[in-house]
Amino acid sequence: MELGVGAVIQTSLYKPLANNDEETISRIVYSAKRFFRIVGIGLVVLVIGTLIAYPIYVRDKFDIFSTILLICALSITMFAQYFFGIVYSLLIQADQKIFIYNIIQIVVIVLNTIVCAFLIINGFSIQIVKFVTAAIFLIRPIALSLYVKKHYNIYKVQLKGDELPQKWNGIAQHIAAYILDNTDIIVLTLFASLSDVSIYSTYYLIVHSIRLLLVSLTNGISSYYGNLLALEEKDKLKTDFNKYNFFIHLITTFMYGSTIILLVPFVLIYTSGVNDADYNQYIFGFILVMGQYFYCIRRSFNMLILAAGHYKQTQMSAIIESLLNVIISIIVVFNFGLIGVAIGTAIAMLFRCIFFAIYCSNNIINRSIILFFKEMLADFLILSISFFIGWYFNKNIVISDYIIWIKYGFIIAFIIGIIVIFVNLIFNFKELKYYISNFKKKTK
């Protein structure tokens, strides 16, 4: 629903928020509302089309009236959860108050979970459950609206042209990202077997979940960078970026280093008793992890680009990345299957990771690109050690249940943690020293 424009709106708000420019903030908010109103009309048309066509399509399996009710309930839920109040949530996040949004979201999700569980246990239909969910999710936009009205002076203004000139660049990057994320499944579906799709989906579910966890660590940093850029505090931006970027490298190599070793044993436990495919795919799992590693490593650079509003300048890299993934995956899938599509994704993500690092170093912060390659060298050493440990581990140790897997998980995490610290003492002593001294101070 954001179509990539949400990030453009946030970027546009950084400078006026830093300067307390209420008129410009109001212009951007009302321009954003106008854009999402158009998107909303399009979504309503889509829902009406679905209401007409889909119940007829499934009339042999499901009652038409029940299907119509369910589509209505799902549509209202989606609108309540993602659309209503979206502009106010972007305003709050741009103002470095994402904790307000998160608190409201936590309350709504917990309340919805409790109420839904009660309704399901007591035998209510899925239509009623979803209608109640829609009503609960309406709490979020109402709460956001009340907060914004109390803490911001947003007033109606006459719009002068397009207040969001880069929105089409944001949409283009959004479409490219969508193609990138869905290429592998489509290519496997068209050119490989459905068992390959099953294996890929299982591995991707786990690896992608870890990516979401790592990405959540960067959710608030873009607005912070945007504030520093708006205030032209370049030295502080460079210092804080270096600290945060190194932290991302530390946590990403630790998480994915452990994942390389523990991924296959977890999948084999998860799929025990399922004989539709060979789920023991260590090389595929490793390459899949590497692709997501490149995505997470570039995240700190990506946040810097979003904060600076350089959508048009980096648009072509997004298109090239998605094209690389599609072309390489189709070429190699015939000979390498699962491994082929994983290679395509990894190469595409590596390309944009390097592009982001070079672009940021040359155009946003005065940072030597040698620092990036030094950090990458340390990471590759850690992940290579993890690969060989995992190869031995998966060849010689049989894990039969989740309890044993968790026990080994603690041991592996400890070993990888030691390796991460040792390697970075050699390659990044100064940066690691900062975090160790900071940890000691907080412990005291």
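Entry 1, ground rules. I call a residue buried under 20% relative accessible area, exposed over 50% and partly exposed in between, using a 1.4 Å probe and protein chains only. The model I opened is predicted, so I note that local features need pLDDT of at least 70, side-chain atom pairs count only at pLDDT 80 or more, and totals for chains, interfaces and linings use all residues. Residues are numbered from 1 along each chain as its sequence is written, and side-chain values use heavy atoms, with hydrogens and water left out.

I took a salt bridge to be a side-chain nitrogen of Lys or Arg within 4 Å of a carboxyl oxygen of Asp or Glu. My count by this rule is seven.

I started with aspartate 181 and arginine 211, whose side chains meet in a salt bridge at 3.8 Å, N to O. This pair links distant parts of the chain: aspartate 181 sits in helix H8 (residues 167–191) and arginine 211 in helix H9 (residues 194–216), 30 residues apart. My helices (H or I, at least four residues) and strands (E, at least two) are DSSP runs, numbered from the N terminus. Are the two partners buried or exposed? Aspartate 181 is partly exposed, because its relative accessible area is 34%. Arginine 211, at 5%, is buried.

Next I looked at arginine 367 and glutamate 375, which form a salt bridge with N and O 3.1 Å apart. Both arginine 367 and glutamate 375 are buried. I also found a network in which salt bridges with shared partners join Arg298, Glu321 and Arg352.

Lysine 97 forms a salt bridge with aspartate 95, and their closest N and O atoms are 3.6 Å apart. Lysine 97 counts as partly exposed at 22% relative accessibility, and aspartate 95 is partly exposed with a relative accessible area of 22%. Glutamine 96 lies in the loop between helix H4 (86–94) and helix H5 (98–121). I checked the backbone there: phi of glutamine 96 is near 60°, a positive value in a residue other than glycine. Glutamine 96 is partly exposed, at 35% relative accessibility.

Why did I stop at a positive phi? Because most residues other than glycine have a negative phi. Asparagine 20 is another non-glycine residue with a positive value, its phi being near 55°. I located asparagine 20 in the loop between helix H1 (5–18) and helix H2 (22–57). With a relative accessible area of 57%, asparagine 20 is exposed.

I treat a nonpolar core as a set of buried Ala, Val, Leu, Ile, Met, Phe, Trp, Tyr and Cys residues joined through side-chain atoms within 4.5 Å. How many residues are in the largest nonpolar core? I found 101, with Ile9 and Tyr225 having the most contacts inside it. Helix H12 (residues 282–297) supplies the largest share of this core, twelve residues.

I then followed tyrosine 225 (a contact here means heavy atoms within 4.5 Å). Leaving out residues up to four places away in sequence, tyrosine 225 touches Leu237, Phe241, Tyr244, Ser300, Met303, Leu304 and Ala307. There is also a second, separate core of 16 residues, including Leu250, Ile261, Phe393 and Val420.

Tyrosine 402 lies in helix H17 and, at 38% relative accessibility, counts as partly exposed. Glycine 409 has its place in helix H17 too, but glycine 409 is buried, with a relative accessible area of 12%. I looked up one through-space pairing as well: glycine 409 and threonine 259 are 150 residues apart in sequence and 9.3 Å apart in space, C-alpha to C-alpha.

With a disulfide set as a pair of cysteine sulfur atoms within 2.5 Å, my search of the whole structure finds zero. Cysteine 116 is buried, at 12% relative accessible area. For cysteine 360 the closest cysteine sulfur is in cysteine 353, 10 Å away, which is again too far for a bond. Cysteine 360 counts as buried, at 0% relative accessibility.
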